[in-house]
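Trainee: Please take one part of this model and go over it closely. I would like to see how that part sits in the whole, with each term defined as you go.

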Amino acid sequence: MKQILFGLVLLVWAGLGLSACSPTTTATSAETIRIRWARDPDNLDPLLVDNPSAFEVTNLLHCSLLKGNEAQNRFVPWLAEAQPTTRPLGDSLLLVTYRLRPQATWDNGSPVLARDVAFTLKVMNCPGLPIERDQATFGFIRNIQLDAHDPRQFTLVCAGQSGDRVSISGDFSILPEYVLDPRGTLRTVPLPQLALPRFQSVAQAFARRYQALNLARHPERLPGCGAYTLTAWQPGRYLTLRRKARWWADSLPAPPPELQAFPPQLTYQVIPDATTATMALRRGEIDLYALMPAAEFARLQHASPDQTSLRFYTTNSYEFLTANFNVRRPALRDALTRQALTYLFDIPALIRATQQGAASPSAGPISPRIARYYNDSLPLPSFSPARAAALLRQARWQRQPDGSWQRQGAQATTERLQLTISYRAGEPSFETVALQFRSAALALGIPVQLHPTEQSLLSRQLRAGEYDMNIRQLAGNPFSYDFTSLLHSRGIGNGNTTGFSTPQTDRLIEAIPLATSPAEKARLLRKFQRALAYERPFSVLYFMRYRVAASRRLGVVPVMGLVPGYEASRIRLEKKPTTR
Amino acid sequence: MKAPTVWRHVGRNLVTAWLVLSGLFLLTRGLTDATSYLQTALEADSRIQAAERSQLTRQLLHRAGLDLPLFYISFEPTQGWQWEGTANQYHAWAANLLQGRLGTSYRSSAPVSGLLLEALRYTLPLTVLAAVLSAMVSVGLATTLNGRYPAGRRALLYLLHALQAAPLFLLATGLLLLFANPDVLAWFPAFGLGLEEESATWWQAPGRLLYHLALPVGSLVLMSAPALTIQLDAALQHELRQPYVATARAKGAAPSQVVWRHALRNALLPTITLLTELLPNLVAGAVVVEVLFALPGMGRLLAEAAATQDYPVLLGGVTLVVLARVVAQLLADALYLRTDPRIRLQA
Amino acid sequence: MKRQRRSRRNWPRVLAFGWLTGVASAALLAPSSLLAPDLLHTNQPPFLPSHWLGTDPQGQDVARALVQGARTILLVSLPAAILTLLLGAGLGSIAGFWGNTRLRLTRSVGVAGAALVLSALLFAAPLLARGVVGGIGLLAAAALLGWVLHRTVWGRRPWALPADALVAGLIVLLDSVPLLILVLLVAAVQRPSAGGLVLLMALTCWTTPARLMRAATLQARGHTYVEAARVAGLSDWQLLRWHIWPVTWPVVLVRFPLTVSLLIGLETTLSFLGVGLPPDTPSWGRLLAGIRQSPTAWWLLVWPGVTLLLTILSLQYLSRRKM
């Protein structure tokens, strides 16, 4: 009896709850765009942002001087009025001069001035703050010179003269001095002298005030000059941004794409699991789901109820899957063996199996999408065990009676061709690639062991060079062609996990960022791709395509090939409100 | 139990807890590479040059206090044994813990205690509801099967064993695909705890919570109730064969009365051990369910901390679980004494 | 009445035996080589000519993986389950029977053992790096310490080993870190081999049987006939063997099929996290985990699900028969 009574109470209670939360029809939800996030930003202190979600929010709250533009393949002016002008100083310094947009204002109506930029740089150099990452990234900006006549003009003194430095010099969020340092205590301190004992007390007092704001969890205490303000953040659940009613860029006659902001409200929902996110999208609980798994995307595209309620977009990205060879291993030290093993990847079948056919094979680490720099005269890799066997024989491997391969190594040792292949555990596409390679290699008499490895252990093994072959994803971008950390001899032990370097490629890597004209750059890049195609420190399997599925409630979503795969601020709602 | 005995008992439990935490501290930090929590973020950032990366890694380690030696003594094959003094990671951690400070998360630079409290706000409703429901379901099922409807017992036991064979992620995915799927039945929401702008009156709030937690709680009950029921059923069967039950029957008690009044009290004893496991599990959360239904609870916090090697959060969470376990152990011993006075605790 | 029940139970018993024999013979006869994945037919539904039970998202044939997975059950899950129960039952009955005061050792053994455990904990990393040599060296050092102490008068004095507290402490250590997180931590250190996997699973899962066994032993020890036997002069081992275990072991036995299923589930989750068996070892758990990648592929749920269920139910039936 007691149980029945209790059950009744529960039922009534649940009923009340159900009546309270039938699908939401509040006034705000009609103009809210809900976007799925796989993970929380964790930390929104502008000095500490380090994950894609956090970068996305920071770019909506704050503006930088320049912003990467995918259509133009370069950095374009954002808070700056125009591209900076540069002038070399001596043979190691570079002067980069910017002018800020005259319309740009903070939320209190005061203009964004050069002294705000100077202030931001001082924050990034202030001892006592967590500035290590900013120091590593922007430490090359040695000083800032304000223009005596124009409060919006300033010159950055940069160390190093490569073109990439210019674009990075404009790639940090400008912070408001009036919020963080209303009395201008840092204004009189010259940037290079901030760390001197003379200014220790000023710097410490500022650092204490900055830390007291706890911006990591309360970013709303630092209003930026971006179009949005943060209205709610429940870490791990959701984050809501609201469009400012009056934003300075609204007064521009024809705002460029970087300065457009349409959605009145953006809500990011954190849903870690892909199945749940798909379900939420189909039920209209979220409007946009980017970087969707290929199989689910293809299934929804062909399912009848979803075709009418959703729109599907794909776009080429700069992310690619590679098979890396550890060239320090005796069996993999010669290019011919590495070329031979590349013939054992059945790339078209892998693209079909893991990406539902939506990926593009490539001859090298530059996306075929960038026609200007892609070397289209190189052949695409193909699947051919026969050619692999021929190349192995050229590399002096001899097939033994039991089917395995051996050759004489240095100092009369016998080398056997047997490999391990490691990859991040729990990633199905890596596993498919590894299994396909294993079976193709086994058919040729090469034993292959699979080592799925947990992320941090894998990254340790890669840095220490404790692997034979490895499958991983690498991300490029269309703005910078600096391969130093990936393939230069200076990168060995850090980003260059294959241990590969030759004098020729080292010279090319150094020359590419310094090339002044696009034609010269294209010539060097093509030469570099040809060298890589012969040397094969890694084999590019395919370039991914980003998949975005969005509700038809939204207009055409501007998608892009860079993370997160869409431009949230330029999504428009469909004009006529549809009934859901 | 006399008062000094109780205190000695509590003291021993606390010492065990301290040893457990110290062991875990030394093992996690001694066996893993200190830099790995930085590497993923640094590798993704193409703007940082190779030369600056190693210096940056050193600086960040210094900020987190990870460049200190691990323990009071250290051993290097080249230098032999060395005394490191109090400037070591263990000393700093222990001193902080004794003052009630759990440290700061590497990932979000927020105090760990705050993160844990936030996570508990989501985890406790989920796990407490699931625990209460599983206990009710299992006692109800076991007593009904042994008392009123013994005929259906075998069939139901098979079903329970079958349920138990399924891993939790299958159960939860199954529920999600059945009850939150527009193709089948869209009765419950797919994720989360509702949206922020929906305001609810005080009497609606618990109902809304129930509605949003229905699927997560359902999957947890489906996972834990079978084990409890099977255990309780086995114990009841054992007790029903005892002579005192025959005596009760001979006195004319109805079958359900025999079960409720006589056998259950004795049969609960081994089950108490299972029930006391619940309390720490309530605090530890449920990783799979929290990830699947997008609830930012303890399980997800700890799993993410383990995956990204955010030791302060991980150890803080474990500290909480260990404390819950100390309390649970004391409760269990007290319950034993109440249900079976024949058992004496040794001091 | 008993005879009647037995005759009625005959046919399910035959079925259960038959099924387990089938699984065992599949495990013994399964082909050891792996077919090349059929990348043109990934996620293919069943009852089509080339793959009559369908394929998984990796393009592996489900039927073949099922047969080969039976071997994994026999070689990994079953030994792990037996080891788990033995470990749990052993430690649980020691803790319950001797408690904190009744197991007496000499001080030398106690001190040497404590030193051994402490140094193994502190220098786990260098020990792991040296492998067997380091382990033997440490053991030898501890033995030497014990021998030296044993020559002193102080060292030979009796000392009560707090068995209950030690086992309880171990249980606390293992249970306070949720299982998945423990496994993630282990994975961050080193990926275990297949034998290591069996050991890892047994070492993490023995706590529940141990706890149950401890409770049952505590209860059994309180019975009057145990007191009577003790007064009659039976030794501890005799008491345990003839008067405690016959009462307590069904409590653990009832958990055998449950432990098998738990370990199969754990093995699935481990494979899923990449700490488990390598992906070229097919297992039923891996097939089940495939449903996470393609939620509509019901055949990945049904076939391994049915085989898993039948196996566990058969095990459960046969173990209950002996009760």
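Mentor: A residue counts as buried if 20 or more other C-beta atoms lie within 10 Å of its own, as exposed if 12 or fewer do, and as partly exposed in between, with C-beta atoms placed from the backbone. By that rule, buried residues make up 45% of the 323 residues in chain C. In chain A, 48% of the 580 residues are buried.

Two conventions come next. This is a predicted model, in which local features need pLDDT of at least 70 and side-chain atom pairs count only at pLDDT 80 or more, while totals for chains, interfaces and linings use all residues. Residues are numbered from 1 along each chain as its sequence is written, and chains are lettered from A and ligands numbered from 1 in the order in which they are written.

Two residues are in contact if their C-beta atoms, placed from the backbone, lie within 7 Å. Among chain A contacts between residues at least 6 apart in sequence, 67% join residues at least 24 apart. In chain C, that share is 73%.

Domain bounds come from an automatic or database domain assignment. For chain A it gives domain 1 (63-212), domain 2 (228-316 + 546-570) and domain 3 (319-544). The centres of domain 1 and domain 2 of chain A, over C-alpha atoms, are 31 Å apart. Their contact takes seven residues from domain 1 and eight residues from domain 2 of chain A. The domain 1 side divides into three nonpolar, two polar and two charged residues. Here Ala, Val, Leu, Ile, Met, Phe, Trp, Tyr, Cys and Pro count as nonpolar, Asp, Glu, Lys and Arg as charged, and the others, Gly among them, as polar.

Now the close look: the four-stranded sheet. It is an open sheet of chain A in the order 4-5-7-6, with antiparallel pairing. Strand 4 (85-89) and strand 6 (141-146) of chain A are the edge strands, each pairing on one side only. From one strand to the next, the twist averages 20 degrees. Helix 3 (residues 114-123) of chain A packs on the sheet and touches strand 6 and strand 7 (153-159). The direction of helix 3 makes about 155 degrees with that of strand 6 of chain A. Axes are lines fitted to C-alpha atoms, for helices over the stretch in contact, and angles run from 0 to 180 degrees between N-to-C directions.

Two strands pair if DSSP finds at least two bridges between them. Strand 4 and strand 5 (residues 93-99) of chain A pair antiparallel over five bridges. There, Pro88(A) has Leu94(A) in strand 5 as its bridge partner. Five bridges also join strand 6 to strand 7 of chain A, again antiparallel. In that pair, Gln145(A) stands opposite Thr155(A) of strand 7. Strands 6 and 7 of chain A form a hairpin, with six residues between them.

For comparison, look at strand 1 (residues 32-37) of chain A. Five of its six residues are buried. Six bridges join strand 1 to strand 10 (residues 265-270) of chain A, and the two run parallel. Thr32(A) stands opposite Gln265(A) of strand 10.

One loop deserves a stop. Gln72(A) lies between strand 2 (66-69) and strand 3 (74-77) of chain A. Gln72(A) is exposed because 11 other C-beta atoms lie within 10 Å. Gln72(A) and Phe479(A) are 407 residues apart in sequence, but 9.1 Å apart in space, C-alpha to C-alpha.

Finally, the neighbour. Chain C puts 25 residues in contact with 24 residues of chain A. Helix 9 (179-189) and helix 14 (256-273) of chain C each supply at least two residues of the side that touches chain A. By class, that side of chain C has 14 nonpolar, eight polar and three charged residues.
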